[in-house]
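Notebook open, viewer open. I want to go through the chains and jot down what I look up as I go.

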Amino acid sequence: MLILHCPHCDRMVDETDLHAGGEAHVKRFGPGSEAEEFENYLFMRENPKGVHFERWRHVYGCGKWFLAARNTATLEVYGTYSAQTTEPPQAIRDAISAKQPGWSWGTFQ
Amino acid sequence: MKRYSAFAIAREAFRQHSGWTRAWGQAEPKPRYDVIIVGAGGHGLATAYYLGKNFGITNVAVLEKGWLGGGNTGRNTTIIRSNYLQDPSAAIYEKARSLYEGLSQDLNYNVMFSPRGVMMLAQTQHEIRGYQRTVHANNLQGVTTEWISPARVKELCPIMNIDGPRYPVLGALWQARGGTARHDAVAWGYARACADMGMDIIQQCEVTGVTTEAGKVTGVNTTRGDIKCGKLGMVVAGHASVLAQKAGFQLPIESVALQALVSEPIKPCMDVVVMANTVHGYMSQSDKGEMVIGGGTDGYNNYTQRGSFHHIEETVRALVETFPIVGRLKMLRQWGGIVDVTGDRSPILSKTPVEGIFVNCGWGTGGFKAIPGSGWAMAELMAKGASPLTEEFSMNRFRHGKFIDESVAAGVAH
Ligand SMILES: Cc1cc2nc3c(=O)[nH]c(=O)nc-3n(C[C@H](O)[C@H](O)[C@H](O)COP(=O)(O)OP(=O)(O)OC[C@H]3O[C@@H](n4cnc5c(N)ncnc54)[C@H](O)[C@@H]3O)c2cc1C
Ligand SMILES: [Zn+2]
């Protein structure tokens, strides 16, 4: 059972109270964009075996979205953070680097 | 290869079974092959088999990081059906189902194909309309399915409770020629036939890199050395994104865990496959007597081949109303596989941005049923550069918005 910290409620929440929302930090495109940009935004995914950033919603709690940094190969959780950001905060990156030196994900490292 | 037959069993019985030969050899990697297939699951092995059988291409190696059939092929619940909604799906899944009918003879290996019939229950008004539409589509596609009444459902599967309070059974989509097969045997049968054609099946050999020259594939790096190739087929299911990245492109795939479980063996009580998509559960009985049960996928990206226990609980809970017998069953084993899910829930059989590399993935939760058809089509794609069966399954369909939207037909993972 996956347990994540909801940054809004400031408490540990187990997976049954959460809804997984897929990849985080997806760059969005609107009307008038190229087919390839829509393809990247809507369908292409990092899907790494290792460090992953993703969206979660505390559905059966505060109902709010937050982001998590997790490892898909070990199920380790590096931390969670506010969804109101376009990139993972430094503290999260440092927490990952401490355990996975040299990691990268999309354009982040 | 010594052929398997009733006579061979009798002959070996008289000499203490000393005359059986290995089904496939322990091959050492050669420096170069015309074609390398990565992944010795059902789809990879079937691709190799039809490359040899249909196109005479036998200088082929199948590279496998673990053991042959140890991926999703050896972890699935073996439901075979072809009652899909969209024409391209019906074509490739029906090709597969019809090849399954003669597969044991073709491979000279008993894959235990059992066309016992597959029933998809309608438990809401919405499902009634959806499945009746599928029956009409199937009739036009030449796939034999029918809409059956609740009374007929009960007749075909007496252990079912059709008037449960929450989800009564309102009818079903019935494909009499669907069923199950032995998953390991499908992998083993193809492997044996490939080895017999002189192909190398190399296990414990992980592909760690892909080498290219001027946009064209030249070979792979593996844990057992570098190997050159003319063409490369990537058929690695849950690891498709990881391998594509090594070749420098991205795929519209997410990898998640799908779990299943079996009960202790009980007396024969159910000779059809039943799927209940609204409540997310399905069940059949194996030849050993175990009730084989599956449900929906876990929600998040995962490569660990295990999922969260509450999904098991949800699946079993979903089935208890319709199958009261489940409430008294002891469960024996539970496991997971990593399935490769695309945006439209349909597979990808496609050329890639790298010349000479072809990809076959995205079968997600339901690719066992497709193995022979997928291998057939993929072999044609790799040998000739195009195949009528794969045309619509190109990875570019996401760019052009030409989806093959089967998320409704798939409903529950199977
Ligand atoms: C629990 C469960 C139940 C299912 N139930 C059904 C069902 O009832 N009916 C149905 O039709 N389908 C079902 N499926 C789906 C089905 O199992 C898959 O779609 C199908 O088996 C995929 O076959 P494959 O050959 O593509 O992949 P796999 O059998 O997974 O083979 C891929 C192989 O590639 C290897 N590999 C990966 N990376 C590398 C590398 N870098 N180098 C070398 N080798 C590598 C892996 O080790 C693996 O052996 C189910 C799946 C699961 C998990
Ligand atoms: Zn919360």
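Before I write about domains: the domain bounds I use come from an automatic or database domain assignment. With that in mind, chain B is divided into domain 1 (27-109 + 182-252 + 344-410) and domain 2 (118-178 + 255-342).

**Entry: confidence.** I'm looking at a predicted model. I noted its scores, ipTM 0.96 and pTM 0.97. For chain B I read a mean pLDDT of 95, with 98% of its residues at 70 or more.

**Entry: the two domains of chain B.** I took the centres over C-alpha atoms and got 27 Å between domain 1 of chain B and domain 2 of chain B. Their contact takes 31 residues from domain 1 of chain B and 29 residues from domain 2 of chain B. Which elements give two or more residues to the domain 1 side? I found strand 3 (79-80), helix 3 (87-107), helix 7 (240-246) and helix 11 (407-410) of chain B. Helix 3 of chain B gives the most, with four residues. I sorted that side of domain 1 by class, too: twelve nonpolar, twelve polar and seven charged residues.

**Entry: a record for chain B.** I checked UniProt, where an unreviewed entry places "domain: Rhodanese" at residues 35-79 of chain B. In the model, the end C-alpha atoms of this span lie 30 Å apart, and the span is 31% helix and 20% strand.

**Entry: chain A against chain B.** How many residues of chain A are in contact with chain B? I get 19 residues of chain A in contact with 20 residues of chain B. Helix 1 (35-42) and strand 4 (51-57) of chain A are the elements giving two or more residues to the chain A side. Helix 1 of chain A gives the most, with four. That side of chain A divides into nine nonpolar, four polar and six charged residues.

**Entry: the sheet in chain A.** I traced four strands of chain A in an open, antiparallel sheet, order 3-4-5-6. Strand 3 (19-23) and strand 6 (77-82) of chain A each have a single partner strand, so one side of each is left without a neighbour in the sheet. Neighbouring strands here are turned by 30 degrees against each other on average, direction ignored. Helix 2 (residues 90-99) of chain A packs on this sheet, where I see it touching strand 4, strand 5 (65-71) and strand 6 of chain A. Its direction makes about 175 degrees with that of strand 6 of chain A.

**Entry: one pairing.** I followed strand 3 of chain A along strand 4 of chain A and found antiparallel pairing over three bridges. A:H19 stands opposite A:R57 in strand 4 of chain A.

How values were computed: Residues numbered from 1 in each chain as written. Chains lettered and ligands numbered in written order. Predicted model: local features only at pLDDT ≥ 70, side-chain atom pairs only at ≥ 80, totals over all residues. Contact = placed C-beta atoms within 7 Å. Nonpolar A, V, L, I, M, F, W, Y, C, P; charged D, E, K, R; others polar. pLDDT = per-residue confidence, 0-100. Pairing = 2+ DSSP bridges. Axes fitted to C-alpha atoms, helices over the stretch in contact; angles between N-to-C directions. UniProt positions renumbered as here; feature names shortened; annotations may be inferred.
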